[in-house]
Amino acid sequence: MQAGKAAEGRDAGRPLQVTMKRGYEVLRDPHLNKGMAFTLEERQQLNIHGLLPPCFLGQDAQVYSIVKNFERLTSDLDRYILLMSLQDRNEKLFYKVLTSDIERFMPIVYTPTVGLACQQYGLAFRRPRGLFITIHDRGHIATMLKSWPENIIKAIVVTDGERILGLGDLGCYGMGIPVGKLALYTACGGVKPHECLPVMLDVGTDNEALLKDPLYIGLRHKRIRGQAYDDLLDEFMEAVTSRYGMNCLIQFEDFANANAFRLLHKYRNKYCTFNDDIQGTASVAVAGLLAALRITKNRLSDHTVLFQGAGEAALGIANLIVMAMEKEGVSKDAAIKRIWMVDSKGLIVKGRASLTSEKERFAHEHGEMKNLEDIVKDIKPSVLIGVAAIGGAFTKQILQDMAALNKRPIIFALSNPTSKAECTAEQCYTYTRGCGIFASGSPFDPVTLPSGQTLYPGQGNNSYVFPGVALGVISCGLKHIGEDVFLTTAEVIAQQVSEENLQEGRLYPPLVTIQDVSLKIAVSIAEEAYRNNTASTYPQPKDLEAFIRSQVYSTDYSSFVADSYTWPEEAMKVKL
């Protein structure tokens, strides 16, 4: 018999996976476990025969079983716990379920349900995922990283839990965000899950309710700030790159405004890092604006943009809009003058006290104003973007005024979760009489207008951005992630929106296409990196798309049948 023929015949088309684990170790390892999909031969060779019922199920049958259990549950939190428990015991099946209907399952593993899960993380907590590093571990982070069982890590999502979605300081409960984010790295972008690491940097919490919560899983003291905090971050960055290499992607997630910008500026040119709340949100918002331009039939630089909110999301979007306007041929100063911002103290204008340097950039000569309705009437924006997590901020009057001022007003209610949205899709379409071009951060149901037309509101979810960016950055070995990466990403996303999508009210490609969109983003990033000599994966692949496809994680089960074969009879003769 020729080498490999036996195994090939038994499991044609299925990759072989070798493991030294046996017995319960196999069934308790989510990377290896296939449940009742193990064949009889695999069960015998892995010493798990008898540890499973005498039944053999295909992966599709297992998906069906999970979906049926999912449908039995009535609360989204219970559904979240069901899916996270599946991730803990059978990773391939978890991602098979997720990708089988991404539109259905994404709102459970990520926004908006992940926000509720973080708020009740003490109740939802079943099994630790990721690495918990505290302020008291300074000087020992390199040792702690060695506790993580995987030696190859290509992507890390890290948070300190201070600004979780629009929910504020959730401390250690914020670990649900890096876990959920990395699940989408895999489901939407195909990044291998065993090469991803969620990290919580626990420096305490200023949330009094959590400090009194008997189920709270983090440090029970006020947040430690200042030099000790900075030293922890510096040590973490150095320890990660020392263990996993300078090409390890480190995504900052849900840090408070004051730290988010500071840390981004501090690390962006030294490490392979980005902040999704600033840059990812900017990219997906600009993608929606670029798609909207195909409806308004003009250029981005023709618009006046007003932000409700001036935090990291607003400033990130504003800076990328400036970059996009510059690409149209407008000067930076002229682009900045097209952008206005409102924060908790009112309209940001020159001479106003206590403006950060980031806000100062968008301060213009104008009298101080506080009321958003009055500001809209005065500034007369054509684009209104909400990112302040103030639910209902876009009132009926504001939406009607936007419709009176513009033939096709662009209204983005981007705050998460749903309870924090500035307006609903129905409110936007109703009060603008169907002429509003709407996008939101959380999903909304389709809206049928009095005319009978049904509109499908676009969800400007960052999941259109970060999985493709991660796949592209990892595949070509990009060492630093510039703003051009996020403008390229926005352009690619907008290009995937068809005319039919636009007519239906969608400013983003349907979520069912998100894996294809992520691949196109990754290819565009890699092409640009090789063009600019910023890639470090050499030699450059001849077919970039084929190369990146080869890096993508497969949700299909591997075969554990031993790769057995024979030698020629002469070579196997026993010598006496």
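This dialogue walks through the fold of one predicted chain, from its overall form to single residues.

Q: What should I know about the model before reading values from it?
A: It is a predicted model: local features need pLDDT of at least 70, side-chain atom pairs count only at pLDDT 80 or more, and totals for chains, interfaces and linings use all residues. Residues are numbered from 1 along each chain as its sequence is written, and side-chain values use heavy atoms, with hydrogens and water left out.

Q: How many helices and strands does the chain have?
A: Helices (H or I, at least four residues) and strands (E, at least two) are DSSP runs, numbered from the N terminus. The chain has 27 helices and 14 strands.

Q: What share of the residues is buried?
A: Buried means under 20% relative accessible area, exposed over 50%, and partly exposed in between, with a 1.4 Å probe and protein chains only. Of the 576 residues, 57% are buried.

Q: What share of the contacts joins residues at least 24 apart?
A: Contact means heavy atoms within 4.5 Å. Among contacts between residues at least 6 apart in sequence, 73% join residues at least 24 apart.

Q: In what order do the strands of the open sheet stand?
A: Strands of a sheet pair through backbone hydrogen bonds, either parallel or antiparallel. Two strands pair if DSSP finds at least two bridges between them. Here 5 strands form an open sheet in the order β1-β3-β2-β4-β5, and the pairing is parallel. β1 (131–134) and β5 (273–275) are the edges; each has a single partner strand, so one side of each lacks a neighbour in the sheet. From one strand to the next, the twist averages 25°.

Q: Which residues of β3 stand opposite residues of its partner strands?
A: Start with β1. It runs parallel to β3 (residues 196–202), and 4 bridges join the two. Phe132 stands opposite Met200, and Thr134 opposite Asp202. On to β2, which pairs with β3 in the parallel sense over 5 bridges. There Ala155 has Cys196 as its bridge partner.

Q: Is β3 enclosed or open?
A: 7 of the 7 residues of β3 are buried, so the strand is largely enclosed by the rest of the structure. Cys196, Pro198, Met200 and Asp202 point one way; Leu197, Val199 and Leu201 point the other way.

Q: Which helix lies across β1, β2, β3 and β4?
A: Axes are lines fitted to C-alpha atoms, for helices over the stretch in contact, and angles run from 0 to 180 degrees between N-to-C directions. Helix α13 (residues 227–244) lies across these strands, at about 150° to β4 (249–252).

Q: How do I read the packing of α11 and α25?
A: Two packed helices are described by the angle between their axes and the distance between the axes. Angles under 35 degrees count as roughly parallel, over 145 as roughly antiparallel, 65 to 115 as roughly perpendicular and the rest as oblique. Helix α11 (residues 176–189) packs against helix α25 (residues 514–531) at about 90°, with the axes 8 Å apart. That makes α11 roughly perpendicular to α25. Ala187, Cys188 and Gly189 in α11 meet Ile514, Gln515 and Ser518 in α25.

Q: How do α5 and α6 pack?
A: Helix α5 (residues 76–89) and helix α6 (residues 91–100) pack at about 140°, with axes 6 Å apart. They are therefore oblique to each other. Residues in the contact include Leu83 and Met84 in α5, and Phe94 and Tyr95 in α6.

Q: Is Thr186 buried or exposed?
A: Thr186 is found in helix α11. At 4% relative accessibility, Thr186 counts as buried. Beyond its neighbours within four places in sequence, Thr186 contacts Tyr95, Val191, Lys192, Pro193 and Tyr553.

Q: What does Tyr267 touch?
A: Tyr267 lies in helix α14 (residues 257–267) and is buried, with a relative accessible area of 2%. Leaving out residues up to four places away in sequence, Tyr267 touches Asp230, Leu233, Asp234, Met237, Phe252 and Thr273. The C-alpha atoms of Tyr267 and Met237 are separated by 8.7 Å, although the residues are 30 apart along the chain.
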